[in-house]
2 protein chains.
Amino acid sequence: MLQLGEIDRADPRPPYRQIAAMLREAIESGGLEPGAKLPSEAALMEHFGVARMTARQAIQELRGEGLVIAEHGRGVFVRPMPPVRRLASDRFARAHRAAGKAAFLAEADKAGYQPGVDRIRVARAGAPKGIAERLRVEAETEVIVRERRYLANGRPVEIATSYLPVPVAGGTPVEDVDPGPGGIYARLEDAGHTLERFTEEVGARMPTPDERNALEIGPGVPVLTVVRTAFDTEGAAVEVCDTVKAAPAYLLEYDFPAR
Amino acid sequence: MLQLGEIDRADPRPPYRQIAAMLREAIESGGLEPGAKLPSEAALMEHFGVARMTARQAIQELRGEGLVIAEHGRGVFVRPMPPVRRLASDRFARAHRAAGKAAFLAEADKAGYQPGVDRIRVARAGAPKGIAERLRVEAETEVIVRERRYLANGRPVEIATSYLPVPVAGGTPVEDVDPGPGGIYARLEDAGHTLERFTEEVGARMPTPDERNALEIGPGVPVLTVVRTAFDTEGAAVEVCDTVKAAPAYLLEYDFPAR
DNA sequence: TAGTGGTCTAGACCACAAC
DNA sequence: TTGTGGTCTAGACCACTAG
């Protein structure tokens, strides 16, 4: 059983922070392994001689840091580290498309997890401001919008929305729910838009409640945002892909010259 | 004055979530502008007819999302959006070093903010495991360690730690607190290590309490982690730089070919 | 049914900011 | 001094999980 200290009334930190610090220490030192159950609120009240709200506040602190997950009716558990997906910047290499694999499937092959895609929706709609700028079209110009959610071993890890100009991809299989082998990039090349380069803009923030839901992550878990723009050999922007990834599940790798 | 709705007892969401949703809506719609003061806890209790803890819980929800900042004795305010620093992948271009500017100064010039560096510490120490792997040396091999904190307009935005092998940079100005014009990359090139390329590994997570302190960010604000490895023309890893950036202040840009 | 966390009430005292 | 948020207590009832 886990050994915890006592509250030090001389310590300037309030009791709930001291309790949180002791639990954090236990987690980081390995005294509480990933997946292990923390003492219940009742146990913390008993051990430290505090009211329930004080014990809860300590737990709340750790939830906010993403260190633990509370499961209603079961207990509070040390968050298990999810498998990390490393995304290298060659993940859109033409060689993969030639082999009939979209980028997500190619990664899954390499990293050895079971890929999945669901919640696919294709429609036409007005381009939001930031998207229109990147596609170099007027705001609200009608574009093709492809939404989908990616799963790894059945767990959602990323939601993505692609925007493509109608003159580029209108009427092609890009507008089908299943665009066929190699994904939409292969279809763009079929349509004569040979891809030349990509830019990615990477940021991080806390998720909206909707995103939390779609990615099945708890509070205290940030998301990585990646906005990718694809350019063809003419220098035209042919796709903007706006993705939101569960941050703990990802590591993005980029390689660039010193010039 | 801000107009808020009422709690709907038929709504399946608990009251505190409904209150949080109304406040969030007010913030996102612009009814509450950045820097504006939210209704006080007392005002929320009065308006919604709830106990104080319920009102606090609603505020807590928004703090966790990083949308608002509580200031003891003053009130709760909509978080002002900090200026975003866009980092392009050409920020380590040799042209800048030739002009006598380290990467951080070159960015500041371009973006028009006042740069600053403090908390500089240089020492030698054993290489941590992950660093040693990237430098391709044995773990615990003695390396040069350079720590510093970067400021933009006086506000801390990034903490960074560089690790360099002693055979590469030992005894050079890289070990001085001020390495001179062009920064340590210029000194590496002076020492014959012409830089060829970089890799960066990007992730995001919640900060440790130490990092929160150093970056002066509140709870609910994630950090971007960037681990950069510099390679010279011999293909040798000559530096690993581990950085932690306040996420809301950054957007990283990368450019790569479709191959 | 027992144990767990989720939500809520109605108070209390404290620390900090502003007037 | 007044108003603000920070912390704490001692209860209550509910919802979910598991045996």
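Chain B can be laid on chain A by a turn of 180° and a shift of 0.3 Å along the axis, with an RMSD of 0.4 Å, where the copies are superposed by least squares on the C-alpha atoms of residues with pLDDT of at least 70 in both. The two copies are thus related as by a two-fold rotation axis. This is a predicted model, in which local features need pLDDT of at least 70 and side-chain atom pairs count only at pLDDT 80 or more, while totals for chains, interfaces and linings use all residues. Residues are numbered from 1 along each chain as its sequence is written, and chains are lettered from A and ligands numbered from 1 in the order in which they are written.

An open sheet of 8 strands, with mixed pairing, has the order 3(A)-10(A)-7(B)-8(B)-9(B)-6(B)-5(B)-4(B); strands are DSSP runs of E with at least two residues, helices are runs of H or I with at least four, and both are numbered from the N terminus, and two strands pair if DSSP finds at least two bridges between them. Strand 3 (85-87) of chain A and strand 4 (115-126) of chain B stand at the edges, each with a single partner strand, so one side of each is left without a neighbour in the sheet. Strand 3 of chain A runs parallel to strand 10 (residues 250-257) of chain A and is joined to that strand by 3 bridges, with R85(A) standing opposite Y250(A).

Turning to the DNA, S40(A), P15(B), A51(B), M53(B) and G73(B) come nearest of the 22 residues around DNA strand C, a residue being near if its C-beta atom, placed from the backbone, lies within 6 Å. Helix 3 of chain B gives the largest share of this surface, 4 residues.
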